[in-house]
Amino acid sequence: MDFSIKAFDTKNTITSAKTGCIAVAVFENKKLSQAAKALDQGGDITAALKSGDITGKAGSTLLLRGISGTGAARVLLVGLGNDETVSEKSFTSAVNATLKAFASLGAADAIIALPMTDVKERDVSWAVRTIVCAAHESVFRTDGQKSKKDPAPAGVRKITLATDATGEVKTALAQAIAIANGMDLTKELGNLSANICTPTYLADTARKLAKDYKFDVEVLDRKQLQALKMGSFLSVTNGSEEAPKFIVLKHMGGKAKDAPVVLVGKGITFDTGGISIKAGPGMDEMKYDMCGAASVLGTFRAIGEMGLKLNVIGVIAACENMPSGRATKPGDIVTSMNGLTIEVLNTDAEGRLVLCDALTYCERFNPAAVIDIATLTGACVVALGHHNTGLFTRSDDAHEKLAGELLAAGKAASDTAWRLPIEEVYNEQLKSNFADLANIGTPGGASVTAACFLENFTRKYTWAHLDIAGTAWKSGGAKGATGRPVPLLSTFLINRV
């Protein structure tokens with residue numbers, strides 16, 4: 001999908017634009033947007049509204065051909081709801097409906113002339129990002145591993161956004177394309193079957209990104225992890241034939257003296273639950289248990305394309321969690337990299353076991369902030385559903401600031417998070433009679449106790465935890481990775497420059 005920006009004015013009018021289709025807005029009170037008025041020289045659009053062929057309800061569409069006084073072969077009328085208060089939801093519905101209509105056209109190019117400055121509490125940059133990301137989603141393919149590919153739709157492949165081509169808007173477009181490309185990579189990795197997307201595959205993907213965008217990359221193997229005394233991480237990989245990989249990517253786009261932001265991704269490329277094996281139904285979806293890792297790689301794809309002037313380090317702990325004669329057993333006690341001992345009461349609570357050593361490893365970077373991203377707990381899905389990512393951090397001034405930045409970035413990117421508590425009282429649920437910590441808590445607040453477990457390994461720097469179990473993928477008929485939280489993370493990093 002190709003995108004461009006073009007301002008239409010009295011010298012370069014939208015009526016003279018030669019294109020396969022122009023999408024313009026109409027409203028429920030029979031009003032027309034400015035672009036629609038300009039194209040309505042013969043009254044055809046007004047007549048369509050009066051006839052009731054389109055109501056103006058947000059997301060409704062009507063395709064007109066042969067409109068007099070325009071150079072476009074087609075005009076797509078798109079409902080935008082109430083003209084006085086165009087909501088984010090209404091605009092998003094209109095964009096999705098526009099792109100759906102574009103997909104079935106016999107035109108290769110089109111103009112989107114929806115009013116991008118009229119959305120309540122949003123600016124034109126947000127509108128540009130919304131259109132670009134939705135367009136990528138509309139053409140994203142999931143048939144990469146099929147022997148016979150689905151027929152490729154014809155439809156529009158070149159979109160011009162009708163708005164003023166200011167420097168701010170051009171920057172927003174470039175950022176939106178980079179973020180959408182990063183989301184595509186994250187989705188592709190998430191959707192790959194686990195026999196293809198192994199820890200080695202993730203490492204190879206990191207190496208390719210490093211080559212394409214001049215990142216530094218290092219991949220540690222089992223012997224190096226043993227030398228680092230990552231006993232907790234290694235306990236998870238004991239039952240698998242696949243070699244674990246500990247991946248470190250560095251984008252040093254800022255000043256040499258600036259402390260980096262570190263993104264830590266959980267990379268369990270398949271999670272059977274280990275000895276605490278999961279039930280069969282839905283277990284195929286455990287290929288998505290590496291979506292934290294995929295989101296780190298997708299975010300690096302985005303910041304590499306943007307050339308972001310910021311120091312960012314990505315750390316990915318990748319392995320499988322499999323049952324075998326070598327697998328860690330419930331009741332085993334392992335020693336983490338920072339020396340704390342952990343009683344493994346449930347081998348299906350493995351994400352925190354790989355992350356805790358990765359978080360200890362981050363101390364060597366003297367980071368400005370560390371954010372871990374993980375499909376960590378089903379309890380977070382129970383708490384927040386599939387709408388918000390769970391955000392956890394401490395409550396001192398530095399952590400309040402970090403939480404505020406992440407929440408604001410999520411809101412700006414329409415990739416929202418909701419903050420949940422971390423309090424010392426929850427650590428009481430993690431007590432063990434035989435080790436420093438248990439890897440699961442007593443019943444109640446399971447997503448909170450999981451975050452509190454991780455917090456024990458982050459006390460030397462500012463840290464936040466994102467539980468993406470409810471937002472990283474969709475189940476059912478629309479099964480697939482979502483690409484979240486790449487928009488949130490990318491926007492957070494952009495705002496830090």
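Helices (H or I, at least four residues) and strands (E, at least two) are DSSP runs, numbered from the N terminus. The model is predicted: local features need pLDDT of at least 70, side-chain atom pairs count only at pLDDT 80 or more, and totals for chains, interfaces and linings use all residues. Residues are numbered from 1 along each chain as its sequence is written, and side-chain values use heavy atoms, with hydrogens and water left out.

**Helix α6**

Select residues 199–213, which form helix α6. Its 15 residues reach 21 Å from the first C-alpha to the last, close to the 21 Å expected at 1.5 Å a residue (the expected span is 1.5 Å times one less than the number of residues). Next, colour P199, L202, A203, T205, A206, L209 and A210, the buried residues of α6 (buried means under 20% relative accessible area, exposed over 50%, partly exposed in between, with a 1.4 Å probe and protein chains only). Viewed down the axis of α6, these buried residues fall within an arc of 155°, so they line one face of the helix; the arc is that of the directions from the helix axis to the C-beta atoms.

Show the neighbours of that face: α5 (167–191), β7 (216–220), β8 (245–252), β9, α9 and β10 (311–321) pack against the buried residues of α6 (contact means heavy atoms within 4.5 Å). Then turn to the face directed away from the buried side, where the exposed residues K208 and K211 sit. Step past the end of the helix to K214, which follows α6 and has a positive phi, near 60°.

**Salt bridges**

The structure holds 24 salt bridges (a side-chain nitrogen of Lys or Arg within 4 Å of a carboxyl oxygen of Asp or Glu).

Select D348 and K278, whose side chains form a salt bridge at 2.9 Å, N to O. This pair links distant parts of the chain, 70 residues apart: D348 is in the loop between β12 (341–343) and α10 (351–361), K278 in the loop between β9 (261–271) and α9 (291–306). D348 is partly exposed at 26% relative accessible area, and K278 is partly exposed at 23%.

Go on to E455 and R394, joined by a salt bridge at 3.0 Å, N to O. E455 lies in helix α14 (residues 446–455) and R394 in the loop between β14 (389–393) and α12 (397–412), so the pair ties together parts 61 residues apart in sequence. E455 is buried at 7%, and R394 is buried at 13%.

Finish at K401 and E405, with a salt bridge of 3.1 Å, N to O. Both lie in helix α12, 4 residues apart, about one turn of the helix. K401 is exposed at 55% relative accessibility, whereas E405 is buried at 19%.
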